[in-house]
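Here is a short walk through the structure. Keep the sequence and the 3D view side by side as you read.

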Amino acid sequence: MSTTKRPDNRGRRRFLTAAGGVTAVATIAPGVRLIQRVLAKEDDQAVSSAVRWGMLINTNKCATGCNDCVTACNSEHGLRDTGRPDTDPQWIRKVKLVDDQTGKETSLPMMCQHCEKPPCVDVCPTGASFRRTDGVVLVDKHICIGCRYCMMACPYKARSFVHQTLTDQRPWSPRGKGTVEACTFCVHRVDRGQQPACVEACAGADHGALVFGNLNDPKSEISKRAKAVSSRQIRADLDLNTGVRYEGV
Amino acid sequence: MTTHRITAFLLSGSLFLGLALTANALSGPKIPQARGEKCVEPVEMMRRNHMEFLKHKRDATMRWGIRTEKHSLIGCIECHAAKGEDGKYIPVNDPDQACHSCHDYTAVTMDCFSCHATVPKKGAAPAGSKGDS
């Protein structure tokens, strides 16, 4: 049995060449229509580095007090409030910034930034922290020993440790005590051409502050917007080339 | 004469007990009937290699985003989770259920279900993976 054989990518390449990117009109919520160029991936095709998933967050549209993205994430992945806010896992959180000079308040969601050069992967002693070829940074919980080096290394405080025994997990989002976890960009949805739960919730609430897509495709909505408006990476000085970018900060 | 009878009685008794025990041991674990037409692999193959299939599939899914249903744990649970009298699914790692029954019999501890869901959930099918709450 070939347990270590790398999946054959040739079929996918042929498919991509033939498809050349498909323009799909998606209705993601009542009144919200996105015309989006998507690279459809068949279930049996492996992810490839032709895609770099990213997110562009418009903080001007991100409403102070709105928590819809956090709620959607918690529901999607079965993160529950155990009454211990200091240690309860959080994959996405709202952060408030206040400009000392002007008093201007900015609210933004903060989560795993899916770095091209992730410090969590650098420090992981077992290889559990890894980066998929399409840019999504994940934890292989089968080999995570719960040492929490990655949590110390992450400049964005994006990872959580599961302290409690969990039950009734979501089939698409296995989580367990003694392992580290973080935002997965909802790979289980993205692999099937859907949007991450937070993006869907934000659009559903008519805020549209989050745009998710393929940064490597110049015709994708996210690439066009990133080219048109000024956006920045948080802690760009660390040269991690994050997949998540912010407008208006 | 009496001694012979007692000996014969004891011998036949122990033989009967021995046969009963053997029959019990040979009957093996009891697994609830799975739904679906047939398993994704022949039964003999599955008995011996299901852990290898699962391990291979888990890496393909996690590292390469290959999300076919064949050999996936979600796929196994979809078919093998039985429903109780109340119409609710019984966790596959409950005693006498598909996973636990065999693993108990062979005295092999599994750690899948400290993280993985033990019952099918709405939305877990490949078509869409929306949360259920």
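This is a predicted model: local features need pLDDT of at least 70, side-chain atom pairs count only at pLDDT 80 or more; totals for chains, interfaces and linings use all residues.

Residues are numbered from 1 along each chain as its sequence is written, while chains are lettered from A and ligands numbered from 1 in the order in which they are written.

Now step back into helix 2 of chain B, residues 43–64. Helices here are DSSP runs of H or I with at least four residues, strands are runs of E with at least two, and both are numbered from the N terminus. Helix 2 of chain B bends by about 75° at B:Asn49. The bend is the angle between axes fitted to the seven residues ending at a residue and the seven starting there. B:Phe53, B:Lys57, B:Ala60 and B:Thr61 are buried in this helix. Buried means 20 or more other C-beta atoms within 10 Å of a residue's own, exposed means 12 or fewer, and partly exposed lies in between, with C-beta atoms placed from the backbone.

Move to chain A. Its secondary structure comes to seven helices and 12 strands. Of its 249 residues, 39% count as buried.

A:Ser231 sits in strand 11, residues 231–232 of chain A. A:Ser231 is partly exposed because 18 other C-beta atoms lie within 10 Å. The C-alpha atoms of A:Ser231 and A:Asn58 are 8.6 Å apart, although 173 residues separate the two along the chain.
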